[in-house]
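Take a look at the structure below, and then we'll walk through some of its features together.

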Amino acid sequence: MLKVLFARLRQGYRTIKFPKGAPPVLPDRFRGRLLTDAGKCAADCRACLDACPTAALSFASETQGKRSIWIDLGRCLFCTDCVDICPHGALSHSKDYRLSFSRREDMCVDTDQTELELASELDRRMKSLFGRSLKLRQVSAGGCNACEADVNVLSTIGWDLGRFGIQMVASPRHADGLLITGPVTRNMELALRKTYDAVPSPKIVIVVGSCAISGGPFLDHQEVLNGACGSLKVDLFIPGCPPHPLTILDGLLRLVGRIEGEGRGR
């Protein structure tokens, strides 16, 4: 017992200080949204579009021999296939963890775009209800458990999601909303609907991961519904495959208004 106490004293305070302090250092392999070096992108090349497994990339326009590449962050798997295959080295991933949105259309952006329209906080009425205490029922609607694992990380001592009044609960009847992961398989369609109906109104819906937003790598498979967006009104989108715990935390805090004065991100 004494060894445990001494070890705890040596470890000191282990919960990250974010958002009041700096965010934790992200690993070198962290991948944020896709960026394009327009000077290197050749107008007659479409290698990146052909390589994308979810058709997340598209050409939007062409000016002065240069094409504008758009990406649907709700479809993107952050898999680096496009980066690896680009013969000109025009593509790269940013190191910005801020990737959460209030509207689905805000997730379709130019890869040259310097700023994103990040998630905004709940309206005054909803914030008065959930701003200090938000209880969520997590629903794995056919997910691979990667997104689920990164959501669970937030309950550990290093992140301590509960200090913000945000907690996962066992019953939807005790919840203020749903946090959905997975592509929503047909076997989970009824279960998700019943869970949603069991949450008292007013309620919110948060979708985490590309599967829950668009179907992810299972896009248009006959046994999935391409995420929850087609059947439920969504209040917060957090893309990724899976999104980093810091990205999820940042999105949740934006929703409840705990990150102020920072509505746009690079």
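Helices here are DSSP runs of H or I with at least four residues, strands are E runs of at least two, and both are numbered from the N terminus. How many of the 10 residues of H1 are buried? The number is 0, so H1 lies largely in the open. "Buried" means under 20% relative accessible area, "exposed" means over 50%, and "partly exposed" is in between (1.4 Å probe, protein chains only).

A quick word on the model: it is predicted, so local features need pLDDT of at least 70 and side-chain atom pairs count only at pLDDT 80 or more, while totals for chains, interfaces and linings use all residues. Residues are numbered from 1 along each chain as its sequence is written, and side-chain values use heavy atoms, with hydrogens and water left out.

Phenylalanine 18 is in the loop between helix H1 (2–11) and strand E1 (34–36), while tyrosine 97 is in the loop between strand E4 (91–93) and strand E5 (108–110), so the pair links parts of the chain 79 residues apart. Phenylalanine 18 is buried at 4% relative accessibility, and tyrosine 97 is buried at 14%.

Next, the salt bridges, where a side-chain nitrogen of Lys or Arg is within 4 Å of a carboxyl oxygen of Asp or Glu. A search of the whole structure finds 9, including these:

| Salt bridge | N to O distance |
|---|---|
| Arginine 104 and aspartate 72 | 2.8 Å |
| Glutamate 105 and arginine 103 | 3.7 Å |
| Arginine 254 and aspartate 250 | 2.7 Å |

Arginine 104, in the loop between E4 and E5, is 32 residues from aspartate 72 in strand E3 (residues 66–72). Arginine 104 is partly exposed at 23%, but aspartate 72 is buried at 12%. Are arginine 254 and aspartate 250 buried or exposed? Arginine 254 is buried at 2%, and aspartate 250 is buried at 1%. Both lie in helix H8 (residues 245–255), 4 residues apart, which is about one turn of the helix. Elsewhere, salt bridges that share partners join Arg103, Glu105 and Asp106 into one network.

On a 1 Å grid over the protein atoms alone, a cavity is a set of points where a 1.4 Å probe fits but cannot get out; a pocket is an open set with protein on both sides within 12 Å along at least five of seven lines, and lining residues have an atom within 4 Å of a point. Grid points are joined across faces, edges and corners, and a volume is the space filled by probe spheres set on the points.

The largest pocket has a volume of about 280 Å³. Of its 16 lining residues, Phe30, Arg31, Pro242, Pro243 and His244 are the closest to its centre. There are also 3 cavities of 30 Å³ or more. The largest cavity has a volume of about 100 Å³, and Cys52, Cys76, Phe78, Cys79 and Cys82 lie nearest its centre.
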